[in-house]
Amino acid sequence: MSVEQPAATQPENLPTPPDAQGTTVDVRRGMFGVRGTGDTSGYSGLVRHVTLPAATPRPYGGWFDELADDLRRALIPSALDWHEAIEAVVVDRGELTFHVRRERLLEVARALRDDPSLRFELCSGVSGVHYPHQTDRELHAVYHLLSITHNRRIRLEVSAPDDDPHIPSLYPVYPTNDWHERETYDFFGIIFDGHPALTRIEMPDDWPGHPQRKDYPLGGIPVEYKGATIPPPDERRSYN
């Protein structure tokens, strides 16, 4: 008989940020915000502001403050000042997000995984986001961490510029990120330094561009089908 596990807990006394809080990074027209090509969604007259939430002042609410204090303490053995590692702390829609400087991502992830008061044993994946008008921060990688020990969930977010799309791979800390980082590279062009085999996973190896970026053309892409043959197992690409 299976036993249903309780959902990860969230604090009940989270602050409600004011409506004006946040940074507008784009004014999107149409469903997808595409320019120079057809928007076939039927929502071409839609106009909306893309606003990112600003840093949240303390108190964050519930166990969020305790967790932030524990992370600050856990970084001390790495000789990391809090502001060297963490750009901002954001509480939005009941979620706690640490915006981490990319050069400190591995140290922060190890502290979150290994410290007994934190113990985020599982990274369930990484998602890519592209904000083409957020200068020098166009590409974002968002990691979702779960503490099975303490039944808590948080997010890490790291940004990189379009002209230097490098972020350290979390594979050495969370090997479950292997294929997730490959997919994010495939669709967004984020290069995860230190990944053991950063190759495409969805698109063909010779596919031009990264299809989930906002500057990727919507429709009208010529596709050449090349026979769709499957080579014998001993001739297939190796990932080892």
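**Close-up views of a predicted model**

**View 1. Glu107 and Arg104 form a salt bridge.** Their closest N and O atoms are 3.5 Å apart. A salt bridge here is a side-chain nitrogen of Lys or Arg within 4 Å of a carboxyl oxygen of Asp or Glu. Glu107 is partly exposed at 25% relative accessibility. Arg104 is also partly exposed, with a relative accessible area of 25%. (Buried means under 20% relative accessible area, exposed over 50%, and partly exposed in between, with a 1.4 Å probe and protein chains only.) The structure holds 16 salt bridges.

This is a predicted model, in which local features need pLDDT of at least 70, side-chain atom pairs count only at pLDDT 80 or more, and totals for chains, interfaces and linings use all residues. Residues are numbered from 1 along each chain as its sequence is written, and side-chain values use heavy atoms, leaving out hydrogens and water.

**View 2. Asp70 and Arg73 pair within helix α1.** Their side chains meet in a salt bridge (3.9 Å, N to O). Why can they be described as about one helical turn apart? Because they are 3 residues apart in α1. Helices (H or I, at least four residues) and strands (E, at least two) are DSSP runs, numbered from the N terminus. Asp70 counts as buried at 14% relative accessibility, whereas Arg73 is partly exposed at 39%.

**View 3. Arg113 meets Asp114 in a salt bridge.** The N to O distance is 2.6 Å. Arg113 is partly exposed at 24% relative accessibility. Asp114 is partly exposed at 38%. Elsewhere, salt bridges that share partners join Arg58, Asp65 and Asp69 into one network.

**View 4. The largest nonpolar core has 45 residues.** Such a core is a set of buried Ala, Val, Leu, Ile, Met, Phe, Trp, Tyr and Cys residues joined through side-chain atoms within 4.5 Å. Leu71, Ile86, Phe98, Leu112, Tyr143, Ile154 and Ile167 touch the most other members. Helix α1 (residues 63-74) supplies the largest share of this core, 6 residues.

**View 5. Helix α4 (residues 178-188) has a buried side.** Its buried residues are Glu181, Arg182, Thr184, Asp186, Phe187 and Phe188. They pack against β5 (122-130), β6 (139-147) and β9 (191-193). Just after α4, Gly189 takes a positive phi of about 80°.

Note on methods: Contact = heavy atoms within 4.5 Å.
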